[in-house]
Amino acid sequence: MATKIALVGIGKNAVEQHVPSISGSPDWTLAATVSRRGSVDGVEAFTAIEDLLQARPDISVISLCVPPVPRYGYAVAALEAGRHVMLEKPPGATLSECHALGDLAAA
């Protein structure tokens, strides 16, 4: 059974790279998106990560396709909700953010 994943940030990179890769894999199902502007046809869309995390506890993986500065807050919210998090590079705006996310994920 494919793992449900949500994409946060539906911009050019997500549309051109992430969405086709997820769609082309039998291992993943794009179950929802979070974006203020973008969406993916046929996929449930949210404008706030908190709404996604509350409404869709069945989605176990959150992929963050947003710039490093807002990424940290989204990652913390997803980790605190018990979800797995995928980060683009760089994984944080600062090294201390990266260490804090690693510690939170390990906990």
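Trainee: Why does Ala14 count as buried?

Mentor: Ala14 has a relative accessibility of 1%. Buried means under 20%, and 1% is under that cut-off, so Ala14 counts as buried. The value was computed from a predicted model. Ala14 lies in helix α1.

Trainee: How far is Ala14 from Trp28 in sequence and in space?

Mentor: Ala14 and Trp28 are 14 residues apart in sequence. From C-alpha to C-alpha, they are 15 Å apart in space.

Trainee: What makes the contact between Glu16 and Lys12 a salt bridge?

Mentor: The side chains of Glu16 and Lys12 meet at 3.1 Å, N to O. A salt bridge needs a side-chain nitrogen of Lys or Arg within 4 Å of a carboxyl oxygen of Asp or Glu. The distance of 3.1 Å is within 4 Å, so the pair qualifies.

Trainee: Why are Glu16 and Lys12 separated by about one helical turn?

Mentor: They are separated by about one helical turn because they are four residues apart in helix α1, which covers residues 12-23.

Trainee: How many salt bridges does the whole structure have?

Mentor: A search finds four. One of them joins Lys4 and Asp58, whose side chains meet at 2.8 Å, N to O.

Trainee: What makes the Lys4 and Asp58 pair a link between distant parts of the chain?

Mentor: The two residues are 54 residues apart. Lys4 is in strand β1 (residues 3-8), while Asp58 is in the loop between α2 (49-55) and β4 (61-64).

Trainee: How do you know whether Lys4 and Asp58 are buried, exposed or partly exposed?

Mentor: Lys4 has a relative accessible area of 33%, and Asp58 has 36%.

Trainee: What makes Glu44 and Arg56 a salt bridge?

Mentor: Their side chains meet at 2.7 Å, N to O. This is within the 4 Å limit, so the pair is a salt bridge. The pair links distant parts of the chain, with Glu44 in strand β3 (residues 44-46) and Arg56 in the loop between α2 and β4, 12 residues apart.

Trainee: Which accessibility labels do Glu44 and Arg56 get, and why?

Mentor: Glu44 is at 37%, between 20% and 50%, so Glu44 counts as partly exposed. Arg56 is at 15%, which is under 20%, so Arg56 is buried. Lys4, Glu44, Arg56 and Asp58 are linked in a network of salt bridges.

Trainee: How do you know that Glu97 has no salt bridge?

Mentor: The nearest side chain of opposite charge is that of Arg71, and it is 7.6 Å away.

Trainee: What lies 2.9 Å from a polar atom of the Glu97 side chain?

Mentor: The backbone nitrogen of Ala93 does. A polar contact needs N or O atoms within 3.5 Å, so 2.9 Å meets that distance limit.

Trainee: Which peptide bond is cis at Pro90, and what is its omega?

Mentor: The bond from Lys89 to Pro90 is cis, with omega near -5°. Most peptide bonds are trans. Pro90 lies in the loop between β5 (84-87) and α4.

Trainee: What is the volume of the largest pocket, and which residues are closest to its centre?

Mentor: The volume is about 290 Å³. Of the 15 lining residues, the closest to the centre are Gly9, Ile10, Ser35, Arg36 and Val66.

Trainee: How does the lining of the largest pocket divide?

Mentor: The lining has eight nonpolar, five polar and two charged residues. Arg counts as charged, so Arg36 in that lining belongs to the charged group.

Key:
Residues numbered from 1 in each chain as written. Predicted model: local features only at pLDDT ≥ 70, side-chain atom pairs only at ≥ 80, totals over all residues. Heavy atoms only, no water. 1 Å grid on protein atoms, 1.4 Å probe; cavity = no way out; pocket = protein on both sides within 12 Å on 5 of 7 lines; lining within 4 Å. Points joined across faces, edges and corners; volume = space filled by probe spheres on them. Buried < 20%, exposed > 50% of the residue type's maximum accessible area, 1.4 Å probe, protein only. Lys, Arg positive; Asp, Glu negative; His and termini not counted. Polar contact = N/O pair within 3.5 Å; in protein donor to acceptor, adjacent residues only side chain to side chain.
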